[in-house]
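My entries follow in the order I made them.

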Amino acid sequence: MKGVTHLLLGAAVGLYVGYDALSSIAASMISGASALIPDLDLHLGHRKTLHNIFALAVFTIVVSIILDHIGVRNELIPKAVALGWLTHILSDVLNIQGVHLFYPFSEYSISLKIARSDSIVLNILVSLISIILIALRILQFTY
């Protein structure tokens with residue numbers, strides 16, 4: 001997937017974590033940004049180093065520890081971080097290359113082999129689904 005597709009999907013799903021409009025927007029921003037983190041492994045074993053459950057768990061725990069250390073008691077932040085990261089990993093499972101979901105414990109790659117990551121059709125489809133999810137959540141706040 002393209003970065004903007006990951007960002008949109010992470011932000012869309014993050015909107016559903018909040019309790020009200022303000023917390024949902026905050027969670028959406030955190031989740032959207034976190035959905036970009038796994039691609040930082042582009043030169044470190046792409047779709048391995050950061051595209052797995054272990055890296056997601058470690059990063060989320062580190063975020064929780066840092067927040068606790070500075071006195072921020074808000075479970076929404078680590079939840080949004082984990083959710084954004086998870087949307088990235090799961091959407092990359094759609095790609096032909098797949099992801100090493102259980103790395104470093106397993107080299108097995110999981111893929112649904114639907115399309116290449118640069119597929120215009122797949123990126124547009126996931127982006128449209130994300131936009132629909134965003135619109136539906138915004139409508140919930142207006143009624």
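Helices here are DSSP runs of H or I with at least four residues, numbered from the N terminus. The model is a predicted one.

Entry, the loop. I looked up His 51 and found it in the loop between α2 (21–34) and α3. Is His 51 buried or exposed? His 51 counts as buried because its relative accessibility is 0%, and the cut-off for buried is under 20%. I then followed its side chain, which makes a polar contact with the side chain of His 88 at 3.0 Å. Setting aside neighbours within four places in sequence, I listed the contacts of His 51, among them Asp 39, Asp 41, His 46, Asp 92 and Leu 101.

Entry, the cores. I looked up the largest nonpolar core and found 10 residues, including Ile 37, Leu 50, Trp 85, Ile 89 and Leu 101. Both α3 (53–69) and α4 (76–92) supply at least two residues of this core. I noted that α4 gives the most, with three residues. Apart from this core lies another of five residues, including Met 1, Leu 9, Leu 122 and Val 126. In soluble globular proteins, nonpolar side chains tend to be buried together.

Entry, the surface. I found a nonpolar patch formed by Phe 54, Val 58, Val 62, Ile 66, Ile 70, Val 72 and Phe 105. Together they have about 650 Å² of accessible area. I checked Val 62, which is in helix α3. Val 62 counts as partly exposed because its relative accessibility is 38%.

Methods: Residues are numbered from 1 along each chain as its sequence is written. This is a predicted model: local features need pLDDT of at least 70, side-chain atom pairs count only at pLDDT 80 or more; totals for chains, interfaces and linings use all residues. Side-chain values use heavy atoms; hydrogens and water are left out. A nonpolar core is a set of buried Ala, Val, Leu, Ile, Met, Phe, Trp, Tyr and Cys residues joined through side-chain atoms within 4.5 Å. Buried means under 20% relative accessible area, exposed over 50%, partly exposed in between (1.4 Å probe, protein chains only). Patches are made of residues with over 30% relative accessible area and no salt bridge: like charges are joined within 9 Å, nonpolar side chains (Val, Leu, Ile, Met, Phe, Trp, Tyr) within 5 Å. Accessible areas come from the Shrake-Rupley method with a 1.4 Å probe; for residues, only the protein chains shown count as cover. A salt bridge is a side-chain nitrogen of Lys or Arg within 4 Å of a carboxyl oxygen of Asp or Glu. A polar contact is a pair of N or O atoms within 3.5 Å; within protein, one must be able to donate a hydrogen and the other to accept it, and residues adjacent in sequence count only if both atoms are side-chain atoms. Contact means heavy atoms within 4.5 Å.
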